[in-house]
Amino acid sequence: MSDRHKLTPAVFIFLEREGRVLFFRRLHGWYEGLFDVPAGHLEAGETFQDAACRELREETGISVFSTDLELVHLLEYPDRGYLYVFFRVTRWVGDPRIMEPAKHADLTWSAPGMQLQIAPSTLVAWERVQAGTMLSTWNEHPL
């Protein structure tokens with residue numbers, strides 16, 4: 001029997017308000033210096049929805065009900081062995097702010113692709129969401 005394909009899941013959240021998405025600049029690590037949306041890995045025993053709610057709370061200080069998460073895209077990233085799960089959120093409690101200043105800076109609302117250097121995988125997912133594509137594979141290498 002051959003080895004099974006293994007992908008590590010991560011969640012990404014498009015927090016939308018008035019046609020704009022919340023971004024912050026990553027200060028180090030993956031896509032350092034680029035803008036991205038709140039995101040993170042699943043912890044043991046978490047569902048995708050639980051992880052998305054937790055990441056929003058940890059990174060932006062807002063609270064979201066899992067019922068307010070809309071699954072909008074799955075991006076398989078075989079070069080890195082990941083499955084990125086993208087949600088859209090339009091309702092939340094609280095005002096988004098930087099909660100992890102050692103990791104993120106420059107919180108801003110922007111239309112994706114407009115005047116911000118956005119992490120390539122997030123920009124690709126956003127473009128595919130706008131095209132109505134639910135599932136895609138991305139094989140580009142990081143910057």
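## A buried arginine and its partners

At 8% relative accessibility, Arg54 counts as buried, because the cut-off for that class is under 20% relative accessible area. This is a predicted model, and in it the side chain of Arg54 forms a salt bridge with that of Glu43, with 3.6 Å from N to O. The two residues stand 11 apart and belong to distant parts of the chain, Arg54 being in helix H1 (residues 48-60) and Glu43 in the loop between strand E4 (39-41) and H1. Glu43 is partly exposed, with a relative accessible area of 45%.

Arg54 also meets Glu46 in a salt bridge, here at 2.7 Å from N to O, and both of these residues are buried. A network of salt bridges links Glu43, Glu46, Arg54, Glu55 and Glu58.

## A bridge between two loops

Asp68 pairs with Arg91 in a salt bridge whose closest N and O atoms are 2.8 Å apart. Asp68 lies in the loop between H1 and strand E5 (70-77), and Arg91 in the loop between strand E6 (82-89) and strand E7 (104-110), so the pair ties together parts that are 23 residues apart in sequence. Asp68 counts as buried at 15% relative accessibility, whereas Arg91, at 53%, counts as exposed.

## The whole chain

The structure holds 10 salt bridges in total, and the protein carries 14 positive and 20 negative side chains, with the centres of the two sets 1 Å apart. Two helices and eight strands make up its elements, which follow the order β-β-β-β-α-β-β-β-α-β from the N terminus. Of its 143 residues, 45% count as buried.

Technical notes: Residues are numbered from 1 along each chain as its sequence is written. This is a predicted model: local features need pLDDT of at least 70, side-chain atom pairs count only at pLDDT 80 or more; totals for chains, interfaces and linings use all residues. Side-chain values use heavy atoms; hydrogens and water are left out. Helices (H or I, at least four residues) and strands (E, at least two) are DSSP runs, numbered from the N terminus. Buried means under 20% relative accessible area, exposed over 50%, partly exposed in between (1.4 Å probe, protein chains only). Lys and Arg count as positive and Asp and Glu as negative; His and the chain ends are not counted. The place of a charge is taken as NZ of Lys, CZ of Arg, CG of Asp or CD of Glu. A salt bridge is a side-chain nitrogen of Lys or Arg within 4 Å of a carboxyl oxygen of Asp or Glu.
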